[in-house]
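Biologist: I would like to learn how to read helix packing and sheet order from a set of coordinates. Could we take the features in turn, with the general idea before each case?

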Amino acid sequence: MELHFDVIGAEGPKRYFDALTRETLAHAYLFSGPAGVGKKFFARRLAQSLLCVAPKERILGYDGVCSSCALFRADGAHHPDFLEHEGTLKIGDPDAPRGFYQGDELSTRDLVRQLSLQSYSGGMRVLLLGDVDFATREAANALLKFLEEPPAGVVMLLTTPAPGRLLPTIRSRALEVRFPSLSRTQVREVLGRMHYGDADAELGASLSGGSVTRAVAALGGEEESLRAHVARWFFDCVEGGSPQDAWATRETLDDGLETIKTLVRDWIVASGHDGVALVSLDYAQRLARLRPLEGREAIALLGKLDEAQRLARTNVSPALVGELVRMSLPVSS
Ligand SMILES: [Zn+2]
């Protein structure tokens, strides 16, 4: 029987789990690494591997056709021994009735209660807590109690882009597995599987910084994406126009500054560094029409953008940071 494990990238985590057996598998893992590199996707495929009933020696891999795999494949189906929750956990009501619970309001107590139940199929039980976060310290402590004395046959998979935000006590009880950024080729391949066309996949990959989430956001939907909005503002500034609507808010500041930095980087590339690839392929012509940046000017500008990014992490108002960026951008004409 041929086994599959159709995860793109994540070579390190694949090697790690490939070297394990069911006996050496830990009871809790923390998947850390940037957003959008496939941590939850990997965790789901790992869960499918662990619950697949095909006989196999290794941890990773599933046949895709057994009764267990069918529950991972079908829309709306759910394997009863695979519990998945995304986001913040509350502590929950200690007197709530037992039973399998699926929904947004899953609490730590619900989880612990469910994990103490018997496995449905007589095998393992796998819990995935994606982008795990706790509403209160009590909610985290409720999970901690479970991690201290985990029931046999339960594997817990936590994912987070910010492991430093978790309680050290939670972190220390799970084995951390780091997920690296994806390569441009890998992002393009993922986007292809998501049914983006070749041109969009190429553009998305070039803007992704190794993150599928960022690629998808950059490609945008019907509405103008933040990137398109910020780029319009940027070209208004450097082409000597008067930028209309400001873009900088608390929510958009980080990504917006990143967009500007990428455009400035590409402006520098377009100013005459042959052999260095442009990232903003969709703005190539517009960038080529800008006055070339001189070396010293480019370095000063990058320094100011670094400073803006540093200010963005303080309490300085986003509008003010946006204004500082506007004033630091050279006018091209
Ligand atoms: Zn299977």
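Modeller: Let us begin with contact: two residues are in contact if their C-beta atoms, placed from the backbone, lie within 7 Å. In this predicted model, that criterion gives a contact in which Arg-184, Val-187, Arg-188, Leu-191 and Gly-192 of α7 meet Asp-200, Ala-201, Glu-202, Gly-204, Ala-205 and Ser-206 of α8. By class, the residues of this contact are four nonpolar, three polar and four charged.

Biologist: At what angle do the axes of α7 and α8 cross?

Modeller: The axes of helix α7 (residues 184-193) and helix α8 (residues 198-207) cross at roughly 140 degrees and come within 8 Å.

Biologist: Which residues make the contact between α11 and α13, and how are the two helices oriented to each other?

Modeller: Helix α11 (residues 253-270) and helix α13 (residues 295-312) pack with their axes 10 Å apart, at an angle of about 170 degrees, so α11 and α13 are roughly antiparallel to each other. On the α11 side the contact is made by Leu-253, Asp-254, Leu-257, Ile-260, Lys-261, Val-264 and Ile-268, and on the α13 side by Ala-298, Leu-301, Leu-302, Leu-305, Ala-308, Gln-309 and Ala-312. The residues of this contact of α11 with α13 divide into eleven nonpolar, one polar and two charged.

Biologist: Turning to strands, what is the order of the five strands in the open sheet?

Modeller: A sheet is read by listing its strands in the order in which they pair, and two strands pair if DSSP finds at least two bridges between them. Here the order is β2-β3-β4-β1-β5, and the pairing is parallel. The edge strands, each of which pairs on one side only, are β2 (82-89) and β5 (175-178). On average, and with direction ignored, neighbouring strands of this sheet are turned by 20 degrees against each other.

Biologist: How many bridges join β1 to β5?

Modeller: Four bridges join strand β1 (residues 28-32) to β5, and the two run parallel; in one of the pairings, Phe-31 has Val-177 in β5 as its bridge partner.

Biologist: Which strands does helix α4 touch where it packs on the sheet?

Modeller: Helix α4 (residues 108-115) touches β2, β3 (125-134) and β4 (154-160), and its direction makes about 165 degrees with that of β3.

Biologist: And how is α4 placed against α5?

Modeller: The axes of α4 and helix α5 (residues 137-148) are 9 Å apart, at an angle of about 15 degrees; α4 and α5 are therefore roughly parallel to each other. In passing α5, α4 makes a left-handed crossing. Thr-108, Arg-109, Val-112 and Leu-115 in α4 meet Ala-139, Ala-142, Leu-143 and Phe-146 in α5, and by class this contact has six nonpolar, one polar and one charged residues.

Biologist: Finally, into which domains is the protein divided?

Modeller: The protein is divided into domain 1 (11-178), domain 2 (183-219) and domain 3 (222-328), and the C-alpha centres of domain 1 and domain 3 lie 40 Å apart.

Key
Residues numbered from 1 in each chain as written. Predicted model: local features only at pLDDT ≥ 70, side-chain atom pairs only at ≥ 80, totals over all residues. Domains from an automatic or database assignment. Axes fitted to C-alpha atoms, helices over the stretch in contact; angles between N-to-C directions. Parallel < 35°, antiparallel > 145°, perpendicular 65-115°, else oblique. Nonpolar A, V, L, I, M, F, W, Y, C, P; charged D, E, K, R; others polar. Left-handed = near helix turned anticlockwise from the far one by under 90°.
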